[in-house]
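Please look through the structure shown below with its sequence at hand, and then follow the paragraphs in order.

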Amino acid sequence: MAMSEQEVFEKVQEVLEDALGVDEDEVTPQAKLEADLGAESIDYLDIVFRLEKAFPGIKIEQGELFPESVLNDPQYVDDGKITDAGMAELKTRLPHAELGELDASRDVEDFSNVFTVDLLVKFVMDKVNA
Amino acid sequence: MRWIWIDRILELKRRERCVALKNVSAAEDVLADHFPATADRKAAPVLPNPLIIEGMAQTAGILVGHANDFQEKVILAKIAKAVFHAAARPGFTIRYTATIDSFAASGASTSGVAELIDPHTGRTTPLADIALMFSHIDHNMAGLEFPEHNFVFTSQFMDLIDQPHLREG
């Protein structure tokens, strides 16, 4: 059965409240997982596990939602800056991400800002309505 | 140093659950400091709650390690939940039951229940609910190198598991 964006958002909101110990009103679509909600690296695995339980039937492979391996690839990162090939790879791997600011700074440190609640919702929408 | 906070494993079912016991003893040094007597209060020895979490982490960590025959280095990465209902005093036994919620190449999540058993009455009461996340560190620490030998599962743990009643048929 198809789910609406609002239905998906509400479930994602619950997942993030449980995984990150944040309040419902903090989990806005624009909230950044790390900068605003305090997520750390292990929380990404926790979020993936919880999403798979909250949306039965979906399967999220390692690196699919959070393709951090791209940033460990010398082909894509040079001296802390994301290369053109790296940006192209991220655009392919994260079709719903807003990459404008990252494209401007190219700083690896800014990569986590890409992960917003809205990006999670769109990622899950693709999965549940596939 | 003996850093082992479970005494005996009762059950170990692959990728499902692990059940362990811990006897709380007044002979354990930590109880002398937690909490000593003060001018207006007598001593109140209880096993500190962080060590109850550690006991669950060891129980659940063995369960997660056993899933891949202890080939992975399993590190406690997150305490997702720890709610306590009672205090663990000397002379009581803690029973830890850990179950796997999710399992992936990079790590696992577990749920656990700790119960307090009174050996005198046989009565069992809830002690804590503890949910944990474990990381398989060789899959997650890009660029960092760890020793090849599995420093997580030392002989202290393997001896607990190497028991006739735990061998798989």
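Two residues are said to be in contact when they have heavy atoms within 4.5 Å of each other. By that rule, 18 residues of chain B are in contact with ten residues of chain A. This is a predicted model, in which local features need pLDDT of at least 70 and side-chain atom pairs count only at pLDDT 80 or more, while totals for chains, interfaces and linings use all residues. Residues are numbered from 1 along each chain as its sequence is written, chains are lettered from A in the order in which they are written, and side-chain values use heavy atoms, with hydrogens and water left out.

The size of an interface is often given as the accessible area lost when the parts come together. Buried area, in this sense, is the accessible area (1.4 Å probe) that two parts lose on being put together, summed over both. Chain B and chain A bury about 990 Å² between them, and 60% of this area is on carbon and sulfur atoms. On the side of chain B, the residues that lose the most area to chain A are K78(B), S102(B) and M133(B), which together account for 45% of what that side buries.

Side chains of opposite charge can pair when their charged atoms come close. Such a pair is called a salt bridge when a side-chain nitrogen of Lys or Arg lies within 4 Å of a carboxyl oxygen of Asp or Glu. Between chain B and chain A the count is two salt bridges, and one that joins D46(A) to K78(B) has its closest N and O atoms 2.5 Å apart. A network of salt bridges links K78(B) with D43(A), D46(A) and R50(A).

Where does K78(B) lie? Its place is in strand 3 of chain B, where strands (E, at least two residues) and helices (H or I, at least four) are DSSP runs numbered from the N terminus. K78(B) has a relative accessible area of 11%, so it counts as buried; the classes are buried under 20%, exposed over 50% and partly exposed in between (1.4 Å probe, protein chains only). Leaving aside neighbours within four places in sequence, K78(B) is in contact with residues of chain A, including A19(A) and I42(A), and with A131(B), L132(B) and M133(B).

R106(A) lies in the loop between helix 4 (100-105) and helix 5 (117-128) of chain A, whereas D84(A) is in helix 3 (residues 84-93) of chain A, so the pair ties together parts that are 22 residues apart in sequence. D84(A) counts as exposed because its relative accessibility is 59%. R106(A) also meets D103(A) in a salt bridge of 2.8 Å, N to O, and D103(A), at 30% relative accessibility, is partly exposed.

A further salt bridge joins K122(A) and D118(A), whose closest N and O atoms are 2.7 Å apart. These residues, K122(A) and D118(A), are four residues apart in helix 5 of chain A, so about one helical turn separates them. K122(A) is partly exposed at 28% relative accessibility, and D118(A) is partly exposed at 23%.
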